[in-house]
Amino acid sequence: MEATAAGSRGRSALRLFCPKRSLLFPPSPFPIRWLVGAPRFLPPFTVAAALRSLHGDPDLPREADEIRGLLPRGFDIVGALLVGGEGSDADTCSRALELARALRERLFGEAASHGMVGGCVDAATGEIRFIASESGVSKAVVGSEVVWEDDPGRLLWEKGCLLRCELPLKLPLYVPAGEMSGKCSKGQLYLTTNPHSQFSYNVTYSSKCIYVISLTFSGIEERLSLVIESTSTKLREHHVSYLVEGPATSPEESHRPIILHSDDVSSFKHLPHTEGRKQCNLNVLSCSEFFSAKRCNLSLTRKNAAAIQITVLSNQSVSGSKAGTTPVIEYFPAPTNLIVINLKLDVLCYSSVDFPLAAAVSELVIPGLADQMSVMKKVIAADITQQHQNFLSNNSSFFVQLCPYHFIPPGLLIPVTTIYDTRYGEIEEKQSALRRDLHIRLGLPLDRPLLRISNALTFGAMKKKEKNKSRSGSSLLRDVHRELPSSGVSGGIMSLIDGSYEYYHYLHDGIDDNGWGCAYRSLQTIVSWYRLQQYSSIDVPNHREIQQVLVEIGDKDPSFIGSREWIGAIELSFVLDKLLGVSFCFHISFGKSIAQVNCKIISVRSGDELPEKCRELAMHFETQGTPVMIGGGVLAYTLLGVDYNEASGDCAFLILDPHYTGSDDIKKIVNGGWCGWKKSVDSKGRSFFLKDKFYNLLLPQRPNMV
């Protein structure tokens, strides 16, 4: 930390949960960093994350629209920083504060009542200077200190929790013929219970959350805005209740669900934050009722998040009529067209565990549902406008399939929500462009598929966890090198595989490949790495499928299929290129260069020369992070890293040995040296790599994709 704990309690201390490096790297086109906190639940001027601006100057309407869908309710804009801004510090800080206030007002429709900060960051040193105001409009004062927290995950989640609400909606839009031009057809009759409404519409609500909308005004986005407003209002009506169920990591930790009725929820609507807390008494349940004292830290369990589950219920036996109103009648003698829009809402909200549940539903969940509908509205309106002729002429369903997913990517402590159109595959151009923009906004690397659907948070920890299994159903060990002792290289720098892999070895899947299948097994481990990093969804190929690929590309004769013939690094590169489209460049370290054949291979004449390649291998693991196949003579290994002392030249190789034939007992594997650090020549003078054999090293490249 850069300041004492006592100093961090001062009002003008800026506390940051995000690392300093994340504010500067990777560089971004625009210098603004939007600071995200949770002012209702965390101390003033506490920053949980920093988002980058994607639209220059900045374009606040676009920024607000995109951030609205990204941030769960409970998190809020608490300030802005300008990196390397020109002009005086005071002017730069004031501009940053005004931008943050303006963005926050666009997001929530009102000025912030919580403290806000504006600051500037020295692009060379990362030093922050800032001003702070105790409310959204109060006079700002110069900040005193910046605190970088040592254990931000604990501070964020020790007394914080998530709430999740899923709500499927079906929106049939009955559009009169010619309505796209804003004109009603002759003979249409519309009656409404609201004589003051400038638009004529009706919305019905069913037990399956089906809304039927009949509208006569033009403008797709305006119509959908009315639907959202009506739907949000109905979520607070007397016939709607909320089933609250707690997360449980085991049956012993399950909690009795409760039902919140509309009166419970409405009592907290629009209350000031402090008043909401005052209403929490012994008879009002808080979120803590659904968490045990030993609950898991969310920041440590990204793939199995715990969240309070909220389910929307509608009691249709309750009469919806109010005194003094007449039934609504609609008559359609003129031709009408139907567009059916299916929505799947899925919102996350952040709260402190001592916050009343009813307040959380009223102030976080319901507004979160409205936010998500608003974000989807723009996509739907654009798509309908573009394709309305097809829909109106065919009375067909609207096929947009928007689905929200939640992520906590590495380097980020808070969850974010993305909305993907699942009509398209993940490699479709628009989806790739969307993910790329999200990576830039979150400061994520542009060669890691961190926001693909398979990386989304999963919920429901009570479900039995399935072991990693191969296609035949046999269990697979993952990341067996994690608990290895040191390599024995004094003063060395370790460069290791980046990501997870599965350990394939002899006799796996009931295939007796003892004596000939080591390279096949190394290839399977490499493919598993690409799968687990979400670069590919293909199954790990078996021996016959590998052979089939080599026959199909013309490298082998048909008789090769079903044989026990060895393969080497060159064949592995062919298979990877065919199955994964992996990008390689070919390099031979002796003799003259050979034309590119879509692979990167390092060759040495003798095992004694492999230590000379440690610097190059270290660079590979630092930049690519993929497992490396080493083939020499009749043996093949998988290389997971190197430990290299550049000054002394001492080095060690982290070897995963596919020649193992025993059971998947990790202690037996590690103690037997089947996964461990190997020196070219050990302390007894024994050579691990053969002196009289040449070696090829296959270095798969990480795809440049998100």
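The following conversation goes through several features of a predicted model and the reasons for the words used about them.

Colleague: What makes the phi of phenylalanine 45 worth a remark?

Modeller: Its phi is near 60 degrees, which is a positive value in a residue other than glycine. Most residues other than glycine have a negative phi.

Colleague: Which kind of peptide bond joins aspartate 57 and proline 58?

Modeller: That bond is cis, with omega about -10 degrees, and proline 58 is found in the loop between strand S4 (49-52) and helix H3 (60-70). The bond from phenylalanine 25 to proline 26 is also cis, with omega near -10 degrees, and proline 26 is found in the loop between helix H2 (20-24) and strand S2 (32-37).

Colleague: How do you know what span is expected for helix H6 (residues 220-234)?

Modeller: Helix H6 has 15 residues, and the expected span is 1.5 Å times one less than the number of residues, which for this helix is 21 Å. From its first C-alpha to its last, H6 reaches 21 Å, close to what is expected.

Colleague: Which residues of H6 are buried?

Modeller: The buried residues in H6 include Ile220, Arg223, Leu224, Val227 and Ile228, and Lys234 is also among them.

Colleague: How confident is the predictor in the protein chain?

Modeller: The chain averages a pLDDT of 81, and 76% of the residues score at least 70. Confidence is lowest in strand S11 (residues 189-190), at a mean of 32, and highest in strand S27 (residues 651-656), at 98. Over residues 323-333 the pLDDT is below 50, and this stretch has 16 contacts in the model beyond near neighbours in sequence. Residues 583-598 also stay under 50, and for them the model has 35 contacts beyond four places in sequence.

Key:
Residues are numbered from 1 along each chain as its sequence is written. This is a predicted model: local features need pLDDT of at least 70, side-chain atom pairs count only at pLDDT 80 or more; totals for chains, interfaces and linings use all residues. Side-chain values use heavy atoms; hydrogens and water are left out. Helices (H or I, at least four residues) and strands (E, at least two) are DSSP runs, numbered from the N terminus. pLDDT is the predictor's confidence in each residue, from 0 to 100. Contact means heavy atoms within 4.5 Å. Buried means under 20% relative accessible area, exposed over 50%, partly exposed in between (1.4 Å probe, protein chains only).
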